[in-house]
Every structure is written in structure tokens, then in C-alpha cells.
Amino acid sequence: MKFKLKKSYMEDLKLFEYKSDMVGYGVLLVFLFIFPSWAGNYWTYNLTLAGIYCIAALGLNILTGYTGMISLGHAAFFAIGAYTVGYMTTILGHSFWIALPLAGFAAAFVGLSLVLPALRLSGIYLAIVTMGFGFIIDQVILEWPEVTGGANGLLINRPTLGPLSLNSDASYYYVVLVIVILFVLLTKNIVRTSLGRALVAVRDSEVAAQSMGIPLAKVKTQAFVISGFYAGIAGGLFAPLINFIGPDNFTIIESINLIVMIIVGGLASIHGSIFGAIFITLLSEFIRVGKDALPAFLSQQVGFQGAVYGLIIMLFILFEPMGIYGRYLKIKYLFQVFPIYRKDTFRRERKFQKAQRTR
Amino acid sequence: MFWHLFISGMALGCVYALIALGFVLIYKATEVINFAQGEFMMVGAFVAFSLIHFAHIPFWITVILTLLIMGAFGVLLDRLVMRFLVGEPAFSLVMFTIGLALFLRSVAGMIWSTDTFAFPSPVSGEAIQLGSVAIAPGDMLVVGATAMLVLLLYLFFRFTNLGIALQATSQNQFAAYLMGINVEGMFSVVWALSAMVAAVAGILLAPTLFLHKDMGFIGLKAFPAAVLGGFGSIPGAIVGGLIIGISENLAGGFLPPWVKDIFAYLVLIAVLIVRPEGLFGIHEKKKV
């Protein structure tokens with residue numbers, strides 16, 4: 001096991017803890033950049049989708065994982081981003097590159113409107129209010145056809161970049177890849193600076209955070225706005241990718257999907273958001289492959305996919321509440337300390353008492 | 001028109017109230033927020049439907065059998081799964097029950113197909129005239145049965161040993177344990193109880209609405225009801241359910257039609273901005 005002597009506080013804030021980490025990430029980057037050249041259109045498309053969900057999952061993780069505020073209506077921010085891009089490009093005819101940042105700001109602005117109830121509520125109350133917000137946005141999409149196309153939806157073309165057309169899946173993949181990398185860096189910067197520490201402090205104890213001089217209202221507002229911005233950008237990238245958006249794309253199922261990503265990947269971790277987004281996006285592909293191995297009377301059922309999906313959520317929470325990233329850390333730790341690893345090293349402390357549980 | 005909408009809204013509100021009651025019972029005792037409550041209701045309605053339709057058992061015996069089956073379902077769920085999750089963070093529990101809801105819905109689709117069925121109504125006949133208002137017998141049954149059930153639950157919690165033990169468990173698990181109450185057994189009882197309440201809601205709702213694997217989505221409307229009343233308060237759940245049901249029905253009659261579906265949430269947000277702990281909720285002081 002490596003021990004590092006830290007000589008100043010700034011060393012805690014480094015982008016990479018060890019110099020050697022840069023090699024791993026470098027290899028990953030090279031792999032991602034050459035991916036479309038050998039993987040073919042189908043997998044490139046799927047990975048692009050996963051990348052878009054990475055951005056949304058990162059945003060949700062800032063809100064839910066780091067700040068501890070549950071949002072069950074995140075698909076609404078996603079929808080606002082997607083429809084902003086749809087409206088600006090298809091109906092008004094502006095450039096995608098103007099519409100995309102606006103999509104983020106529109107979603108962030110709407111997120112600001114949720115702050116009034118969000119500041120006073122927590123836990124289940126907040127979850128239900130955000131769920132209601134999701135339903136309200138759904139209804140607005142249906143009832144405002146001048147902007148959203150109503151139930152008919154909107155057709156959105158892939159953008160162009162100067163003389164370059166981004167029509168092919170591979171070229172759009174590179175656009176998304178660059179934006180994902182930017183957002184991962186942005187998240188890393190938020191998390192490792194004072195704002196990120198304030199978010200975690202608010203999650204762990206509001207009273208303690210407040211007495212350390214953290215302005216609760218400001219920090220919570222920032223979390224909501226940042227999270228909305230991420231989801232808006234993700235939505236803005238999502239719309240041109242699938243070319244068509246309708247109200248069906250942004251239901252509560254989609255909100256649950258986003259939360260499942262961060263749970264399965266790992267709460268309050270950047271790696272976790274990315275693992276989760278990739279795993280859940282490609283899950284339907286895995287299920288399709290795995291189906292052939294099962295007897296026909298089971299795999300031919302209509303609800304098979306939903307059942308497997310529900311089962312995966314339940315199994316993860318029962319057996320690996322820290323998510324894929326948590327499992328990765330455990331395995332890594334096992335090898336680092338090889339002969340002395342004990343089963344209980346990562347055992348979670350459970351709180352049975354109500355008095356212990358009120359923060 | 002107003003009173004007609006009011007009465008049918010009350011019937012709808014009673015169903016919301018029953019589902020909300022199920023949430024609150026489980027939440028108070030085990031601190032699990034059960035997103036699968038609507039799915040419990042759906043399963044209960046389907047079990048009753050199968051008993052009537054395929055086994056040709058008379059309606060009232062079916063009700064008793066359904067309650068027993070759902071009670072057993074609740075106990076099994078607790079013993080096999082939920083018991084291992086006590087003390088996990090609330091967020092994991094919410095996600096777990098959402099997963100459970102997805103799973104139950106899909107499995108129900110496999111067993112009972114994705115068709116919509118007509119559930120036979122136990123009462124029939126003419127609407128009863130009360131002044132200028134006509135009351136459908138179905139609505140009367142829903143309101144009456146809910147009132148009965150609430151009364152029974154009140155008596156159960158107030159006067160039986162089991163009920164008092166349940167109250168003690170939900171107030172302070174550790175103190176209840178020290179008093180010799182089988183706390184883990186109480187968890188099973190409360191899961192059974194709330195599955196049974198959900199089954200009653202399903203049997204009452206299915207004849208007036210429809211019977212479909214997706215009917216559990218109505219549980220999402222019962223959440224605003226429970227939160228409106230203050231999560232964790234039994235009278236709050238009932239009042240909240242009635243407020244949501246009645247105001248939603250009135251909104252459907254007097255406002256543009258699309259407002260109806262989201263009206264529950266608009267009411268909820270308006271109330272929570274003024275009273276963040278809900279109507280009957282207690283503001284818990286935070287300890288550091």
C-alpha cells in the first residue's frame with residue numbers, strides 16, 4: 001500500500017493524487033478517441049448516449065450524492081434543456097452552438113424557481129415536491145405546442161460545426177466526448193474546492209455546517225442551479241442525438257433512471273456517476289444478450305426488461321449499497337493490503353435509533 | 001354540479017387516503033418510505049379479481065381471503081427482504097422500494113397480462129337522491145368502507161395490546177425493545193397491515209376505475225396526500241387524501257382539463273411553502 005506524506009493543504013486538492021494516475025487516464029482517453037474507428041456505428045451511438053447520461057448523472061450526484069437533496073424530477077431539467085435546443089434550432093433556426101449553453105442556463109434558471117420550496121424542505125418532502133415538479137413540466141410540454149410541438153414532439157437535426165457536418169454518429173460522438181471531459185473536469189473542480197466541501201458539510205449536518213459559517217441557503221441554491229445546468233446541457237445534447245423528442249422521453253421513469261445510475265454507480269463519486277451511466281445505458285443491450293441464455297417462457301415475456309431492471313436496483317441496494325465504484329475500491333484495497341484484508345473492513349455502520357438518525 | 005363533484009371527489013380522496021395510510025403506517029414503524037404501496041394495491045386488486053373470476057368465490061369471502069393473502073405477502077416481504085435493510089439510509093430505502101414497484105408491476109404484467117379488466121362491483125342499483133345531488137352507490141361504498149376501516153384501525157391502535165405495542169415501536173424502537181416488545185415482529189405486523197389496507201384500497205378502487213397492471217401509478221398521487229397531511233401522521237394522511245381527492249375533482253370540473261392531473265402537486269407545493277412540515281406534521285428538532 002502506498003502512503004503519501006502530504007506537506008501542505010494544497011496537496012489535498014490536486015487533480016490527480018498520484019502522478020501515476022495520469023497514465024491510466026491517458027490510456028483511457030486514447031481508447032475513447034479511437035473507439036468509433038473500430039467499434040462501428042451501433043456501439044458508438046450507444047456510448048454517445050451513455051456520455052450524455054454521464055453529464056446528467058454528474059449533475060444529479062452533485063445535488064443528491066454530495067448535498068444530500070433527493071430529486072425525483074430531474075427528467076424535467078433534462079426536458080427543459082432538450083426543448084430549448086429543439087425550439088431554438090428547429091423553430092427559430094438559430095445555431096446549435098448558441099442553443100446549447102442557453103439550454104443549460106434555462107434549466108438552471110428553472111432550477112432556481114424550485115429553490116423556494118427546496119430551501120425549507122428536506123428528505124421525503126423534497127423528493128415528493130420535485131416529483132410533482134416533474135409531472136408539472138410534463139403537462140406543460142403537452143399543453144404548450146407552439147414551443148414544444150405538444151404530443152407530436154419536435155424533429156431536431158444534428159448540428160454543423162463551421163463547414164463540418166456532424167451528421168454521422170462518429171462525429172457527434174466526438175462532440176459529446178469533448179463536452180463530457182469538460183464536465184468531468186468541472187465536477188472535479190467543484191468537488192475539490194471550497195464549494196464541494198461546503199456541499200458535503202451541508203449533507204452531513206446542516207447545523208454543524210451552519211455553525212462553521214457555511215451559508216446554507218446559498219450553498220443549497222448553488223447545488224440546485226449547478227445540477228439543473230448539467231441536466232440542461234445533457235438534455236441539449238440528447239435532442240440532436242436521437243433526432244426526435246416527445247413528451248414520452250421525459251417521464252418519471254426517466255427521473256428514476258437517472259437516480260438509479262448514481263445509486264448503481266456510487267453516490268457522491270465522479271467515477272460512480274460515469275460507471276452508473278454507462279452500465280444503465282448499456283443494460284438493455286446486456287439484457288438482450290443475456291436473454292438468449294434463459295428459457296423461452298421467461299425471456300419472451302413482455303415485462304421481462306422491467307422486471308430485470310427492478311431486480312438489479314433491489315440487488316444493488318441489498319448487497320452493494322456503495323455501487324460499482326464502491327466494489328471497485330474494495331477490490332483495489334484487497335490487492336493493496338493483500339494478506340491482511342478482513343471481511344469487515346468496509347462494514348457499514350448502521351443506525352437503528354431514531355435519535356441517531358435525525359441529523 | 002359542485003356537490004356532485006364534491007361527493008365523487010370524496011370517494012377518490014378516500015382511496016388516496018387509504019394508500020397514504022399505508023405509507024404512513026410503514027413509515028412510522030420502520031422509517032421506510034414505501035414507493036411500492038400503489039403496487040401493493042394493484043396486486044391486492046388482482047388477487048381479488050382472480051379469486052372472483054377464476055375460482056368463483058363469492059365477493060365477501062374473497063375480500064377476507066384477499067386480506068389474508070396480502071397479509072401473508074407483507075410478512076414474507078418483511079422477513080425475506082426488508083428486515084435486512086433496517087437502518088440503511090432513507091435514500092437507499094426509497095430506491096429499493098422503487099425497484100420493488102418496477103419489479104411487481106412487470107411480474108403482474110407477466111401473470112395477469114397487460115390487458116385492462118372490468119372488476120365486478122359489489123353494489124349496484126340506482127343512484128341515491130339526496131336533495132338535488134345524486135350519489136352513486138359505488139361512491140357510498142367507498143366512503144363507508146373507508147370510514148369503517150379507519151374506525152377499526154383507531155380501535156385497534158387505541159385498545160388492543162398489539163396496537164399499543166405498534167405505537168410504542170414507532171415512537172422509540174429501543175425503549176420498546178427494553179419494555180419486552182418484539183420489535184422485529186412488529187415490523188412484520190406493520191408490513192402485513194399496510195399491505196392489507198392497500199388491498200382494501202385496490203378492491204374499492206378497481207370497480208370505479210379499472211383493473212390494470214399500471215394502476216399502481218395512482219400511488220404517486222397518494223404521496224402528495226401523505227406529505228400534505230404531514231408524513232408520519234395518520235389523521236394527516238386521511239385529511240390529506242380527502243383534500244387532494246376533492247380539490248382535484250373540483251379542479252377537473254371548473255378549470256381547464258389538463259390542470260386536473262397536476263392539481264394535487266400544485267396544492268402540495270402551495271401548502272408546503274407555507275407549512276414545510278405539512279398540515280399535521282410535527283417539526284422535529286434537530287440534534288447535533
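User: What covers the buried residues of α13(A)?

Analyst: This is a predicted model, in which local features need pLDDT of at least 70, side-chain atom pairs count only at pLDDT 80 or more, and totals for chains, interfaces and linings use all residues. Residues are numbered from 1 along each chain as its sequence is written, while chains are lettered from A and ligands numbered from 1 in the order in which they are written. Helices (H or I, at least four residues) and strands (E, at least two) are DSSP runs, numbered from the N terminus. A residue is buried if 20 or more other C-beta atoms lie within 10 Å of its own, exposed if 12 or fewer, and partly exposed in between, with C-beta atoms placed from the backbone. The cover of the buried residues of α13(A) includes α10, α11 and α14 (323-336) of chain A together with α4 of chain B. Among those buried residues are A:G306, A:A307 and A:G310.

User: Which residues does B:S106 touch, not counting residues up to four places away in sequence?

Analyst: Two residues are in contact if their C-beta atoms, placed from the backbone, lie within 7 Å. B:S106 is part of helix α4 (residues 90-112) of chain B, and with that sequence limit it touches A:G303, A:G306, A:A307 and A:G310. B:S106 counts as buried because it has 22 C-beta neighbours inside 10 Å.

User: Which residues have the most contacts inside the largest nonpolar core?

Analyst: A nonpolar core is a set of buried Ala, Val, Leu, Ile, Met, Phe, Trp, Tyr and Cys residues joined through C-beta atoms within 7 Å. The largest one here has 199 residues, and A:A56, A:A234, B:A20 and B:A45 have the most contacts inside it. Helix α8 (residues 183-208) of chain B contributes the largest share of this core, 19 residues. Leaving aside neighbours within four places in sequence, the contacts of B:A45 include B:F119, B:G202 and B:I203.

User: Where does the kink in α3(A) lie?

Analyst: The bend at a residue is the angle between axes fitted to the seven residues ending there and the seven starting there. In α3(A), a kink of about 45° lies at A:L114, shortly before the proline A:P117.

User: Is A:N243 buried or exposed?

Analyst: A:N243 counts as exposed because it has 11 C-beta neighbours inside 10 Å. Its place is the loop between α9 (216-242) and β4 (244-245) of chain A, and its phi is near 70°, a positive value in a residue other than glycine. A:A268 also has a positive phi, of about 55°, although it is not a glycine. A:A268 counts as buried, with 22 C-beta neighbours inside 10 Å.

User: What is the mean pLDDT of chain B?

Analyst: pLDDT is the predictor's confidence in each residue, from 0 to 100. For chain B the mean is 86, and 97% of its residues reach 70 or more. The predictor gives the complex an ipTM of 0.86 and a pTM of 0.88.
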